[in-house]
Amino acid sequence: RRRLTMAESSWPGSSPPCSAWLSSTSSAAPRAPHAKMSSSRLFSSTSPAPTFTVRTTRSTSTSSCDYSEGQWVRAAGHARRYNGTECNVKGSEDCVRNGRPDTSYLDWRWQPAAPGCQLPGFDAGAFLGAVRGEHVAFVGDSMARNQAESLVCLLGASFPYHLVYSDPEPGTRKFWRWAFPTHNVTVSVYWAPFLARATGRCENYSLPYNSVHLDALAERWSGDAGTMDVAVVSTGHWFWNPSVYYNGSEVLGTHLLPELNHTGIGFLSPYREAIRASIRRLASAGRARAVVVATFSPAHFEKAWDDPATCARRLPYTEGEREVDATHAQLRSIVREETAAAAATDGGATRVEVLDVTKLATMRPDGHPSVYMKRDPFARGVPERLQSDCLHFCLPGPVDTFNEILLQLLLTKRE
Ligand SMILES: *[C@@H]1O[C@H](CO)[C@@H](O)[C@H](O)[C@H]1NC(C)=O
Ligand SMILES: *[C@@H]1O[C@H](CO)[C@@H](O)[C@H](O)[C@H]1NC(C)=O
Ligand SMILES: *[C@@H]1O[C@H](CO)[C@@H](O)[C@H](O)[C@H]1NC(C)=O
Ligand SMILES: *[C@@H]1O[C@H](CO)[C@@H](O)[C@H](O)[C@H]1NC(C)=O
Ligand SMILES: *[C@@H]1O[C@H](CO)[C@@H](O)[C@H](O)[C@H]1NC(C)=O
């Protein structure tokens with residue numbers, strides 16, 4: 001068997017698979033509003049003198065702004081909106097607590113390229129007001145979870161909330177749910193890395209490949225589709241793994257498994273099929289007001305996966321320094337095409353939107369936990385080999401911007 005690189009085979013979910021560093025899955029205590037919490041409390045010991053106070057910018061309707069292209073510009077304190085430890089983010093994404101010494105990755109905002117377009121900073125009151133009484137569900141892989149946790153923290157910095165459900169399996173964060181009682185809002189996350197029903201490696205990391213049934217959606221989320229008012233679908237990385245794809249009992253083909261003697265079908269058509277079927281399910285469930293599909297957010301492994309410097313960049317890429325990879329662009333196009341097709345044909349009450357984060361995520365090699373996925377990684381000197389997370393984003397971090405765009409999509413009236 002050929003050896004798989006970390007980026008191909010194991011992310012998300014290499015050892016420690018899915019494991020929260022945090023062993024605790026207990027409820028986050030309901031908390032008082034933190035809107036007036038100063039950034040000095042958030043970042044007292046680790047950051048330069050903070051200049052930031054929580055913004056309450058009124059988000060104005062920015063209909064027809066395109067946020068998919070643009071550049072990161074310096075904005076002191078823009079992403080210093082919450083303390084990841086206090087909102088109980090997955091331990092491997094709590095970069096500040098884990099001892100990441102630089103925090104300037106929190107001092108950038110996304111400037112859309114489209115003339116006259118600004119992306120307002122996140123406004124928790126506007127978000128909760130836009131989804132009052134609703135269930136906001138994130139469905140997909142660990143990037144969906146990363147964005148869900150970002151949203152809970154952004155909202156939780158200003159409004160009380162509590163964890164109402166966490167999966168009993170210790171150390172995993174596959175199915176969590178939070179409540180924001182002031183607005184009767186529920187936020188939840190459903191882990192379904194292929195969206196479709198899948199077994200094998202995604203359930204047990206010692207197995208070599210996945211078996212994915214493209215004719216059936218993963219049960220947990222699709223069973224709840226009728227309860228979702230806003231569904232954010234976000235996935236991609238698992239499709240790079242070796243997999244057998246089925247339609248009923250028929251093998252459609254395989255990816256990276258020539259030894260099984262089936263047709264190699266790559267992963268683009270399975271990805272398209274999974275996205276298409278998911279949109280169809282959500283739009284037909286009779287409930288969803290908005291189906292938002294996120295485009296692929298790429299990883300930034302630059303060296304061997306266990307090289308301590310595999311993602312050691314400390315600045316965003318500048319315009320022209322880095323292009324979107326061809327395969328990432330293909331995944332992005334699939335989401336754009338499938339959302340556009342669904343939006344054109346649906347005609348019902350459901351809006352289908354694309355949350356195009358590929359470019360803005362591509363430009364943020366500095367925003368990942370890297371070796372600070374573990375606490376104090378250099379406490380005993382610099383080891384030769386050390387695992388890094390160059391895929392998920394630190395919380396707080398660039399993924400907060402995904403939610404800034406999500407807010408604008410929800411606020412924008414359908415034409
Ligand atoms: C974040 O909150 C934790 C728990 O309250 C606290 O120990 C820590 O000092 C805070 N971190 C920063 C950077 O303020
Ligand atoms: C909260 O929202 C649910 C629907 O999501 C609704 O059935 C319920 O009546 C609401 N409760 C209050 C107190 O508004
Ligand atoms: C995972 O797969 C391995 C190899 O087949 C097996 O020995 C092990 O029992 C499985 N673990 C679980 C939790 O099913
Ligand atoms: C699966 O098979 C059915 C007919 O049996 C067909 O209509 C459908 O298009 C197939 N799906 C895929 C993804 O090939
Ligand atoms: C694949 O084909 C080769 C050559 O015909 C054969 O030796 C091998 O047993 C086949 N493998 C499977 C899993 O059918």
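I began with Pro396, which lies in the loop between helix H8 (358-362) and helix H9 (399-411). I kept in mind that this is a predicted model.

I looked up its phi: Asp376 has a positive value near 45 degrees, and it is a residue other than glycine. Is Asp376 buried or exposed? I got 11 C-beta neighbours inside 10 Å, so Asp376 counts as exposed; the cut-off for exposed is 12 or fewer.

Next I turned to Asn88, in the loop between strand S1 (70-74) and strand S2 (108-112). Asn88 is not a glycine, yet its phi is positive, about 60 degrees. I found 25 C-beta neighbours inside 10 Å, so Asn88 counts as buried. Buried needs 20 or more.

Then I took helix H6, residues 268-284. I tested its length. At 1.5 Å a residue, its 17 residues should span 24 Å, and the end C-alpha atoms are 24 Å apart, so the two agree. I listed buried residues in H6, among them Pro270, Tyr271, Glu273 and Leu282. After H6 comes Gly286, with a positive phi near 80 degrees.

Last, I looked at ligand 4. Which residues are around ligand 4? I noted Leu214, Asp215, Asn247, Leu252 and Glu273. The shell divides into 2 nonpolar, 1 polar and 2 charged residues.

Definitions and conventions
Residues numbered from 1 in each chain as written. Chains lettered and ligands numbered in written order. Predicted model: local features only at pLDDT ≥ 70, side-chain atom pairs only at ≥ 80, totals over all residues. Helix = DSSP H or I, 4+ residues; strand = E, 2+ residues; numbered from the N terminus. Expected span 1.5 Å × (residues − 1). Near = placed C-beta within 6 Å. Nonpolar A, V, L, I, M, F, W, Y, C, P; charged D, E, K, R; others polar.
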